[in-house]
Amino acid sequence: MKLGCCYYPEHWPEEMWAEDARRMAEMGLSLVRIGEFAWSRIEPEPGQLHWEWLDRAIETLSDAGLKIILGTPTATPPKWLVDTMPNMVAIDEQGKPRGFGSRRHYCFSHGGYRQECRRIATAMAKRYGTHPAVTAWQTDNEFGCHDTVLSFSEAAAARFRIWLHARYGTPDALNRAWGNVFWSMEYRSFDEVDPPNLTVTEANPAHWLDYRRFASDEVVSFNREQVDIIRQHSPDRDITHNFMGFFTEFDHHDVGRDLDIATWDSYPLGFLEQFWFGDANKRDYMRQGHPDIAAFHHDLYRGCSGGRWGVMEQQPGPVNWARFNPAPLPGMVALWTMEAFAHGAEFTSYFRWRQAPFAQEQMHAGLLRPDSEEAEAADEVRIAARKIAELGPQQMAQAPVALVFSYEAAWVCGIQPQGASFRYLELVYEWYSALRRLGLDVDIVSAGASLDGYKIVLAPTLPIISDEFVEELRELDCPVLIGPRSGSKTPSFTIPDDLAPGGLRAFLPLTVSRVESIRDGCTHRGDGFEITRWLEHIESELEPEIALECGRGIVFANNNYRYCAGWPDGSLLTSLIEQMGSEAGIETMRLPKGLRIRRTATHQFVFNYGLEPVQFAGTGDTIAPASFVVTPLTT
Amino acid sequence: MKLGCCYYPEHWPEEMWAEDARRMAEMGLSLVRIGEFAWSRIEPEPGQLHWEWLDRAIETLSDAGLKIILGTPTATPPKWLVDTMPNMVAIDEQGKPRGFGSRRHYCFSHGGYRQECRRIATAMAKRYGTHPAVTAWQTDNEFGCHDTVLSFSEAAAARFRIWLHARYGTPDALNRAWGNVFWSMEYRSFDEVDPPNLTVTEANPAHWLDYRRFASDEVVSFNREQVDIIRQHSPDRDITHNFMGFFTEFDHHDVGRDLDIATWDSYPLGFLEQFWFGDANKRDYMRQGHPDIAAFHHDLYRGCSGGRWGVMEQQPGPVNWARFNPAPLPGMVALWTMEAFAHGAEFTSYFRWRQAPFAQEQMHAGLLRPDSEEAEAADEVRIAARKIAELGPQQMAQAPVALVFSYEAAWVCGIQPQGASFRYLELVYEWYSALRRLGLDVDIVSAGASLDGYKIVLAPTLPIISDEFVEELRELDCPVLIGPRSGSKTPSFTIPDDLAPGGLRAFLPLTVSRVESIRDGCTHRGDGFEITRWLEHIESELEPEIALECGRGIVFANNNYRYCAGWPDGSLLTSLIEQMGSEAGIETMRLPKGLRIRRTATHQFVFNYGLEPVQFAGTGDTIAPASFVVTPLTT
Amino acid sequence: MKLGCCYYPEHWPEEMWAEDARRMAEMGLSLVRIGEFAWSRIEPEPGQLHWEWLDRAIETLSDAGLKIILGTPTATPPKWLVDTMPNMVAIDEQGKPRGFGSRRHYCFSHGGYRQECRRIATAMAKRYGTHPAVTAWQTDNEFGCHDTVLSFSEAAAARFRIWLHARYGTPDALNRAWGNVFWSMEYRSFDEVDPPNLTVTEANPAHWLDYRRFASDEVVSFNREQVDIIRQHSPDRDITHNFMGFFTEFDHHDVGRDLDIATWDSYPLGFLEQFWFGDANKRDYMRQGHPDIAAFHHDLYRGCSGGRWGVMEQQPGPVNWARFNPAPLPGMVALWTMEAFAHGAEFTSYFRWRQAPFAQEQMHAGLLRPDSEEAEAADEVRIAARKIAELGPQQMAQAPVALVFSYEAAWVCGIQPQGASFRYLELVYEWYSALRRLGLDVDIVSAGASLDGYKIVLAPTLPIISDEFVEELRELDCPVLIGPRSGSKTPSFTIPDDLAPGGLRAFLPLTVSRVESIRDGCTHRGDGFEITRWLEHIESELEPEIALECGRGIVFANNNYRYCAGWPDGSLLTSLIEQMGSEAGIETMRLPKGLRIRRTATHQFVFNYGLEPVQFAGTGDTIAPASFVVTPLTT
């Protein structure tokens with residue numbers, strides 16, 4: 001695994017560049033990402049392209065032996081460009097334009113802006129496409145950041161109508177698919193269809209789902225336009241995009257298919273603070289991040305572009321954007337780096353080289369402080385670099401467990417939670433975390449992926465499931481666990497004629513006759529576990545494998561398939577996974593709090609995310625907090 | 001009492017209709033409401049009326065012996081209609097249009113839309129007005145649902161100015177009435193007056209009160225236009241409108257006066273979850289609803305149209321619109337049906353016959369599942385139907401207790417709460433619930449109603465009180481309890497010259513010299529009770545009947561009148577009601593938790609809303625949870 | 001100290017005026033503020049000035065011996081004026097116009113409205129400028145109330161561009177100062193710059209800071225226009241403006257420099273309820289206000305206009321605008337009056353004479369009830385008047401302690417809190433309160449003030465600190481305590497080249513190498529104290545004077561200077577202040593809960609804000625709740 005950093009030569013006096021480059025190399029870095037926010041310096045006046053400074057920056061970095069990931073600057077169009085086409089900005093759900101003054105002030109559907117992006121990407125790809133130091137490209141930056149996937153502009157509405165026409169052919173077909181007869185919502189032509197915002201009460205969920213699919217497709221095609229240009233002018237370079245954490249607004253599997261390598265931006269402390277983790281976790285892991293945050297995304301994005309992935313931005317210290325921004329515990333930057341290594345990252349790039357003293361992110365730490373002194377992370381980078389060199393390249397083995405992830409499932413659950421606490425990402429994360437607490441390696445795969453070779457397969461929920469994927473599941477002979485709401489919707493966001501679980505009935509002979517969502521604080525007790533949030537009533541000739549105290553069946557098993565008819569707690573998940581592990585002949589172990597394991601083809605990595613030293617029974621090692629141990633696999 | 005259901009023939013293939021009708025009749029239903037969302041099927045293109053399908057639907061239902069309640073489809077104008085007059089939509093308080101894509105996307109004040117409504121209502125009334133199966137009409141659907149009473153459109157502003165002109169005659173009179181001199185808010189002409197939204201800080205409360213009165217009058221006149229048309233073309237049919245729960249945005253007494261029969265939509269579980277009931281109630285009654293929710297509305301709406309009322313939509317299972325949507329406890333659908341019966345409903349109609357598999361309400365249960373199998377409620381409907389038949393028609397006796405309810409009072413308290421926790425509906429509900437926990441039957445009456453024949457009269461609060469109603473109260477010789485803030489405002493939302501209680505001083509010789517609102521968690525203790533939220537300082541020569549520990553008087557009695565100078569808790573209410581009961585010679589009994597009683601002229605119904613079996617001392621019966629017992633009255 | 005009241009002759013029949021005036025004088029009042037909301041009566045039609053009624057009102061009041069503070073009516077332009085220039089209203093941060101119907105519906109930057117204000121102020125000053133009864137003027141009313149300082153109108157944008165041009169000269173200089181290269185935010189001309197609202201994510205903090213400075217300057221120049229007019233036409237009268245509590249949206253030191261006397265509006269109960277004070281304080285001081293609220297503002301505003309100050313509006317009973325509005329404890333109105341007296345107020349004016357029975361503030365108590373009977377406060381006013389007369393005029397001595405306050409610091413912390421709980425006002429208030437709990441008198445001074453003669457100086461935080469003020473601090477030889485984040489920003493909102501504490505390093509040889517914000521509920525323990533919210537990592541050759549249990553230094557001392565590298569709790573503040581007091585030879589005493597002291601040059605005032613009688617060790621007096629004791633100073 002290579003190490004790198006994000007660098008902004010345009011932020012610093014040119015006389016600092018060479019020394020910066022020398023120090024990067026000295027610190028163990030060999031990659032540097034540049035350019036992604038530099039449009040106003042590349043083209044300070046319309047049509048006047050100033051490449052000279054960027055030429056020199058690339059030469060200087062290259063001279064120090066660094067390879068370059070070059071970003072297209074389309075996330076930050078300059079003011080003059082916005083002023084030439086003011087309607088290029090996105091319109092928010094409330095109908096307000098999202099103006100200039102920060103970043104991502106564009107609508108994915110605006111034809112004029114797309115043309116400008118092709119123009120600047122072409123110019124950049126032509127100039128640097130064959131530069132020997134340029135090893136890879138990044139398109140744009142963090143698609144969707146600051147809630148920018150959905151736009152409700154005229155441009156978006158117009159393209160949505162075309163998209164609908166292509167999908168449905170006739171307004172009648174659309175009306176039937178969506179059930180528009182319901183509240184006289186029928187359209188006579190596609191021209192009558194608007195985006196689903198600003199309705200009196202909720203719009204048709206089918207309307208929302210198609211709008212989300214459309215918006216995701218817009219991101220895909222926006223990205224593909226740049227990918228096509230770069231492929232043409234920059235042969236043999238990798239193309240990537242830096243995805244974000246806990247973010248499902250577009251289908252990353254779809255975008256990932258057009259990339260050579262998926263990358264993501266890893267900020268464990270900010271994510272812990274900003275997401276659903278409760279007060280206890282936010283306190284106990286305040287300076288480490290919850291132990292599964294980074295791993296979850298490593299495993300998720302590894303499944304997005306054919307297995308190749310990396311960390312484009314790695315948190316090196318306190319960030320500036322969470323409600324509270326503590327510093328990582330000493331050791332955590334090295335630990336996070338090694339966790340990425342153990343999961344097969346091709347590189348980890350720290351954001352950023354030097355903390356900027358100005359503008360929006362001036363409180364975001366870097367490897368250097370603003371005064372160019374080394375920040376705390378610098379030495380941890382050196383430690384990680386040495387350790388990585390010592391261990392040598394790691395091959396990934398297929399994990400024993402596949403966890404099925406679907407962006408469409410996230411949209412369905414978000415559009416129609418039915419209970420306020422039914423959150424897709426939280427459900428999947430809980431299942432993932434239960435696996436990892438039992439010491440299991442996991443591949444997170446899309447809902448269309450091949451499941452060949454897995455020993456255990458879990459799908460926390462898949463409301464819409466294709467016939468093909470039902471077939472894929474049906475051919476498995478390993479233990480399979482399917483979660484609630486699976487098969488509960490058709491692709492048109494309607495209830496299947498034969499009710500849930502729809503096509504899954506091929507191997508799960510049961511019917512969900514009714515569902516209940518349960519308020520926070522109310523639970524249904526079973527023997528040593530609780531069901532919260534969601535409970536289904538099952539009609540089946542199967543005897544429940546596990547039932548609630550009241551007698552209602554909660555887990556139903558048929559051959560190698562299990563269905564969980566509610567939102568399981570950690571105890572139920574643990575015992576189900578142990579049971580499946582035992583059936584599959586896979587060893588599980590209940591790890592102490594804060595401890596996690598990851599195996600490559602040759603090594604076992606044990607990480608302690610906790611605040612106390614912990615003894616790992618597997619090796620007898622006592623592992624200090626914020627520390628790790630690597631041992632060769634004896635198999 | 002008849003049973004019925006809400007049915008949408010346009011949602012189902014025509015070949016299913018006859019079998020549906022047959023099954024309805026078999027289940028014990030004799031009524032079916034149809035048509036209220038079908039505009040896009042009745043008039044798929046402008047001016048092209050397609051009655052044939054509706055003719056056939058009506059014949060099919062009629063052939064099975066069902067009587068029909070026909071709804072005008074004006075709650076869901078089709079897209080083509082909105083596109084012909086885009087400014088027909090309401091404008092929300094923030095100034096945003098409330099667009100097409102769900103329902104109720106119209107402004108009550110838009111002349112063009114009113115004309116369209118008259119057109120479609122006339123056509124419908126002409127076609128079906130004398131059909132023998134059509135037994136009743138419903139105007140529109142749930143006026144005000146999704147916060148749609150108030151609109152801040154140009155159309156509304158224009159009609160508001162006319163309304164003000166009619167009320168005040170001259171701008172000077174308006175300025176004086178509102179006190180517009182206060183912040184130089186004086187108008188020189190009615191044309192200068194705008195709706196009260198989008199002001200820098202709160203607008204004049206008198207401005208808001210008149211805007212609410214105007215908006216309520218707009219609902220009244222909108223409804224009346226349809227009523228007049230239907231009366232003309234459909235003689236001898238009942239006309240109704242389906243009101244909602246815990247909803248005070250327009251004056252239901254005013255609308256009710258134009259109807260033959262008031263109906264409402266009863267969703268006890270959703271209402272429990274969505275309203276002010278605390279965590280303990282929301283947990284203990286999660287699957288039953290709080291025991292007074294349905295009864296409160298039965299008693300309220302019975303007072304709206306001369307005593308005739310019904311339940312147009314009865315929850316038959318989980319709904320889709322509350323934060324959490326659990327299933328009713330087995331037995332509750334029958335229990336709710338019997339509670340309506342015991343309160344004198346002419347019919348109870350379940351919403352809906354079959355759960356729709358598509359669109360916004362696909363997660364809303366029906367009597368049938370989407371796959372046409374019977375849902376849990378079906379058998380409970382049969383049980384209720386049999387029990388109702390067995391008991392025969394029930395006559396209502398006048399209740400011993402009258403509770404005075406005023407929509408205007410709700411508006412005044414909402415416009416000027418003065419303390420964040422002063423909520424009108426909650427106050428009235430607490431007083432109602434205290435009566436019912438003591439086994440009393442209650443009539444909820446308007447603030448202009450005759451109080452003849454009542455044994456106890458309570459008015460939780462009446463900030464504005466007419467001279468006529470003061471006279472009505474003054475002539476009573478039964479115990480009367482008046483709550484805080486009563487008589488504290490003139491009709492122009494000013495403080496009376498002689499302060500509160502204004503005209504009530506005719507029989508309550510006291511003056512409210514000062515009021516305090518009290519923060520949540522702070523209380524004022526009395527002997528066995530607490531005052532929270534609101535406390536008044538009273539000047540009077542009367543000795544307080546009940547005082548706080550600090551000596552401040554809280555209840556003042558003069559002859560048969562009592563005034564409560566604060567927000568009483570359940571203990572104080574209970575002892576006051578017991579005292580009044582004793583004075584009036586009415587028996588009260590402290591019912592066990594969850595138990596409630598309702599008497600008709602001939603029978604006593606006892607309902608157990610709790611989770612445990614309870615013995616009812618009155619009869620010795622032990623009543624199972626979610627169950628009821630009916631016994632003939634021995635008087 | 002004089003006593004007065006706010007009076008609105010236009011609200012009452014003219015025949016009441018003389019009797020009102022007589023009763024004011026009888027009650028001990030000698031001042032009356034009038035006119036500030038009367039534009040619609042002064043100019044009921046455009047250009048038609050009706051002075052007669054105001055002439056008569058002034059004569060009537062004057063005849064009773066009252067002196068008059070006359071307000072310009074520019075906070076409430078009439079409807080006809082707004083209709084002649086609809087774009088004079090402010091635009092809120094969401095882009096919505098803030099319309100007519102309450103007050104303060106104007107944009108400070110609108111040239112047309114400014115002209116109207118000059119016109120009406122000139123006319124008023126010419127007519128009454130030399131009237132012998134007119135002793136002072138108030139400009140407008142409560143600048144900024146209802147969040148009205150910032151406007152995002154076209155008018156504001158245009159003047160902002162001019163302001164930027166004047167500050168930076170060239171777009172390049174602005175781009176460099178703000179660091180606009182960061183996200184390609186560079187401008188080619190000032191015309192390209194917009195206000196910082198409606199950006200996709202946060203705008204550049206430098207952009208916000210300059211917008212806040214600009215907006216503050218707009219208030220200053222708006223006020224100065226009226227001041228200049230009044231000075232021209234009304235020689236020898238004092239000019240004031242009534243500031244608000246806990247309000248930092250514009251620089252009150254800047255506005256104060258143009259005034260003769262600073263006044264403020266004191267509502268201790270409303271402020272307690274509306275601001276950050278926790279549940280325990282809100283309960284314990286519900287009817288008294290937290291003991292430092294009034295004193296804090298007295299000491300703050302005394303520093304705004306060269307030492308002259310007063311209370312323009314004093315709460316006399318329950319108000320109408322907080323979430324909950326209880327009544328003051330009997331005695332509190334007198335106590336608040338005496339606290340103002342003890343702090344050197346030239347007058348205290350109660351808001352308002354008689355409670356209005358109409359419009360927005362009808363629930364706001366006055367000295368009289370709406371029925372003209374005396375309210376509870378009236379007798380307390382008499383008590384205070386007698387006590388003040390008895391004690392005679394009080395001279396203020398310089399306080400031993402200076403606390404440095406900066407509006408710019410409030411803006412910086414608000415724009416970039418970095419941790420959600422870092423609130424400037426709360427930090428300063430906690431430091432102030434710690435001083436006062438130790439019995440110390442405090443002067444709150446601006447960050448440019450002379451510090452000559454102080455025995456202890458504290459600056460809770462000063463992120464931006466001028467070279468001149470660094471010099472001022474450096475010349476001190478008394479104990480100085482500097483709080484976290486001081487010196488952390490340049491005037492352009494960037495990090496200093498040598499990091500924090502920037503220029504303070506002249507006497508504090510240390511570097512803040514990293515900062516952390518800490519989530520609520522997490523603390524860092526020291527010996528008997530805790531650090532919450534904010535923690536800095538310090539590099540220094542100094543040994544920490546006080547360290548956390550983990551060893552990290554938290555207080556660093558160098559000669560007479562101390563730096564506190566975190567958010568200290570009350571215990572740490574107390575021990576630091578005691579230590580500094582001991583070094584400075586100033587006595588401190590730990591006062592019992594609720595007790596506070598204030599000394600004039602000749603007397604010591606002891607106030608009991610608590611609910612229980614307390615013995616004051618200093619004199620042996622036992623002081624009843626809501627009561628005070630005054631003793632001559634024996635020095």
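Mentor: Two strands count as paired if DSSP finds at least two bridges between them. Keep that rule at hand while reading this predicted model.

Trainee: How many bridges join strand β21 of chain A to β24(A)?
Mentor: Strand β21 covers residues 603-608 of chain A, and it runs antiparallel to β24(A). Pairing needs at least two bridges. The number that join β21 of chain A to β24(A) is six.

Trainee: At roughly what angle do the axes of helix α13 and helix α14 of chain C cross?
Mentor: Two packed helices are described by the angle between their axes and the distance between the axes. Helix α13 of chain C holds residues 332-342 and helix α14 of chain C holds residues 377-391; their axes come within 8 Å. The crossing is right-handed. The axes cross at roughly 30 degrees.

Trainee: How many nonpolar residues are in the contact of α13(C) with α14(C)?
Mentor: From α13(C) the contact includes Met332(C), Val333(C) and Phe341(C), and from α14(C) it includes Ala384(C), Ile388(C) and Leu391(C). Glu380(C) and Lys387(C) in α14(C) also take part. By class, the contact has one polar and two charged residues, and the nonpolar ones number nine.

Trainee: What kind of axis relates chain A to chain B?
Mentor: Chain A can be laid on chain B with an RMSD of 0.0 Å, by a turn of 120 degrees and a shift of 0.0 Å along the axis. That is the relation of a three-fold axis. Chain C can be laid on chain A by a turn of 120 degrees too.

Trainee: How far apart are the end C-alpha atoms of residues 399-586 of chain A?
Mentor: An unreviewed UniProt entry annotates residues 399-586 of chain A as "domain: Beta-galactosidase trimerisation". Over these residues the chain is 24% helix and 29% strand. The end C-alpha atoms are apart by 11 Å.

Note on methods:
Residues numbered from 1 in each chain as written. Chains lettered and ligands numbered in written order. Predicted model: local features only at pLDDT ≥ 70, side-chain atom pairs only at ≥ 80, totals over all residues. Heavy atoms only, no water. Least-squares fit on C-alpha atoms with pLDDT ≥ 70 in both. Helix = DSSP H or I, 4+ residues; strand = E, 2+ residues; numbered from the N terminus. Axes fitted to C-alpha atoms, helices over the stretch in contact; angles between N-to-C directions. Left-handed = near helix turned anticlockwise from the far one by under 90°. Contact = heavy atoms within 4.5 Å. Nonpolar A, V, L, I, M, F, W, Y, C, P; charged D, E, K, R; others polar. UniProt positions renumbered as here; feature names shortened; annotations may be inferred.
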